[in-house]
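Please walk through this protein with the sequence and the 3D view open side by side.

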Amino acid sequence: MTDSYDYVVVGGGTAGSVIAARLSERDGPRVLLLEAGTAETSTDMATPAAWPELLQTSANWGDMTVPQRATGASVPIARGRALGGGSAINAMNFVRGHRSSYDAWAKAGLSDWGFDGLLPYFKRSENTVGRDPALRGVGGPLTVGPPDPPHPVVAALLEAAAQVGHLSAADISGGAEEGFGWSDLNIVDGRRQSAADAYLTSAVHRPNLTVVTGALVHRLSISGGRCTGVEYSTRTGTVSVGCSDEVILTAGTIGSAQLLMLSGVGPAGHLGRTGVDVVVDLPGVGEKLHDHPITNIVYRAARPVPAGVNNHGEAFGLVRSRSGLDGPDLQVLFLDAPGHIPAADVPEMGWGYTIAVSPILPFSRGSVRLASADPSVPPLVDPNYFGDDRDLAAVVEGLRLAREIGEAHALDEWREREALPGPKVTDDAGLREYVLRTLAAYNHPVGTCRMGTDSLSVVDSTLRVHGVDGLRVADGSVIPSIPSANTNATVCAIAERAAEMLLP
């Protein structure tokens, strides 16, 4: 034991950046933030349009799923390995899901976690201009707004959506509307603003905040039913630190579940088979993993498409795949470049643009499991994409809807032809085969340390881990059911609320 802190925050991603900064705002508490990745930034990290290249660097953990039951193939999942975590490498869409997807949390028994319960924390995290002040925040650390300048192809796609009868949303990122509109982006003066940029830049100089990067946490120290510290290693050796108040896990949906299990908190049978001594038999740890899969209709352009300077996916729609739903279950995303394309299908794409479709409220559930008791060995990640056929059925409907938009007159000057899946693929069987063959992750995993009161929940409504005092989880892993949106803004709101719980 080399030192002791009031709070130890494990994981310097989006949630960790928020919580460490908020806890250290007060002079009293001593706060330690541990991050396995680097504090260094790069030109590509700062350049919005370069984010796809980041997925091939050490800033991404490089996770692969286990072979998926629906396809037999493994799928890459991006996970940030740097201060700022996912917000340092993602596509910078800072958006809320439709309020109905959060109200589902309240209906499931988490009465304080519906949209209205989260709204003050959404607002606290952001700084927006010209929006409804009852819905949007002003003065928060993250400055967000629509693309500047907007891409002309994406503008034409939005016009096309309106031409075929879809609603035009004034603030589709706010959570109160359905339809199509410009996405809010966390891009400021042409540069990415990660959660670390927004929250930690000023906080790192505080005397009561210590930030250690390159720190791989091995396990939590749990004694007498209480978490008393953590053990981690750097290039110089192994370190044990104590914690007098609380340890907060913010290692993400994969990392937080892995670390709990490495520490003996998880399904007893699995831990025993992996050689980990059981401290608390908590069967829900690592269960209920779910994510947004995504598929693309790709168009070959009739003329050069200007290079995107923002995030490539500047606008989106929230729509319903069928009647009778409480809210939208599909996101339709407009991209200024060809999307995920298997090289064998389109060897010479040339200029292009994409309409992507994601089943934004998936039914499929999977798991995270240890592959080894060694913390340096990646865990076994199984989102079970399209394990529930309802997700595949929704995507097929979404592809038909997207094609209708793609053929609208507003795109006549840009459209040469549909490159993928191609105009000959029209029946359900063909579209299903195409979706499965081109399966890609949208990289929004949640749920492995789920909030709740049932036997498979891991934390309670105050984010405390069942059966262990002095330990909370406060990242995307606690989300009980995924919101109908990219998840970064939701994780910020959860972290803001967690900080308030820790320092009321």
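**A walk through the predicted model**

Alanine 106 is partly exposed, with a relative accessible area of 27%. This is a predicted model. Alanine 106 sits in helix H4. Leaving aside residues up to four places away in sequence, alanine 106 touches Ser111 and Gly114. Look also at glycine 117. Alanine 106 and glycine 117 are 11 residues apart in sequence, and their C-alpha atoms are 9.1 Å apart in space.

A record covers part of this region. The UniProt annotation "domain: Glucose-methanol-choline oxidoreductase N-terminal" comes from an unreviewed entry and covers residues 80-103. In the model, the end C-alpha atoms of residues 80-103 lie 29 Å apart. The span is 21% helix and 0% strand.

Now turn to valine 468. This residue lies in the loop between S24 and S25. Is valine 468 buried or exposed? Its relative accessibility is 3%, so valine 468 counts as buried; the cut-off for buried is under 20%. Which residues does valine 468 touch, not counting those up to four places away in sequence? They are Ile222, Gly225, Arg226, Cys227, Val265 and Val280. The C-alpha atoms of valine 468 and glycine 224 are separated by 8.9 Å, while the two residues are 244 residues apart along the chain.

Next comes helix H11, residues 428-437. Its buried residues are Leu431, Tyr434 and Val435. Look down the axis of H11: the buried residues fall within an arc of 100°, so they line one face of the helix. An α-helix has 3.6 residues a turn, so residues three or four places apart point the same way. What do the buried residues of H11 pack against? Their partners are strand S17 (293-301), helix H10 (389-406) and strand S23 (415-420).

Most residues other than glycine have a negative phi, and most peptide bonds are trans.

One joins aspartate 148 and proline 149, with omega about 0°. Proline 149 lies in the loop between strand S6 (142-143) and helix H6 (152-163). Another cis bond runs from leucine 420 to proline 421, with omega near 0°. Where is proline 421? It is in the loop between S23 and H11. Strand S23 is also one of the elements that the buried residues of H11 pack against.

The other two are positive phi angles. Lysine 288 has a positive phi of about 60°, although it is not a glycine. Lysine 288 is in strand S16, residues 287-289. Its relative accessible area is 28%, and lysine 288 is partly exposed. Asparagine 443 has a positive phi of about 70°, and it is not a glycine either. Asparagine 443 is found in the loop between strand S24 (440-441) and strand S25 (471-473). Valine 468 lies in the loop between S24 and S25 as well. Asparagine 443 is partly exposed, with a relative accessible area of 27%.

Helix H4 (99-107) and H10 each supply at least two residues of the lining. Which element gives the most to this lining? It is H10, with 5 residues. H10 also packs against the buried residues of H11.

How many cavities of 30 Å³ or more does the structure hold? It holds 1. About 30 Å³ of space lies in the largest cavity. Its lining is made up of Asp291, Pro293, Pro362, Ser364, Pro383, Tyr385, Phe386 and Asp391. These lining residues divide into 5 nonpolar, 1 polar and 2 charged.

Methods: Residues are numbered from 1 along each chain as its sequence is written. This is a predicted model: local features need pLDDT of at least 70, side-chain atom pairs count only at pLDDT 80 or more; totals for chains, interfaces and linings use all residues. Side-chain values use heavy atoms; hydrogens and water are left out. Buried means under 20% relative accessible area, exposed over 50%, partly exposed in between (1.4 Å probe, protein chains only). Helices (H or I, at least four residues) and strands (E, at least two) are DSSP runs, numbered from the N terminus. The arc is that of the directions from the helix axis to the C-beta atoms. Contact means heavy atoms within 4.5 Å. UniProt positions are given in the numbering used here, feature names are shortened, and annotations may be inferred rather than shown by experiment. On a 1 Å grid over the protein atoms alone, a cavity is a set of points where a 1.4 Å probe fits but cannot get out, and a pocket is an open set with protein on both sides within 12 Å along at least five of seven lines; lining residues have an atom within 4 Å of a point. Grid points are joined across faces, edges and corners, and a volume is the space filled by probe spheres set on the points. Ala, Val, Leu, Ile, Met, Phe, Trp, Tyr, Cys and Pro count as nonpolar, Asp, Glu, Lys and Arg as charged, and the others, Gly among them, as polar.
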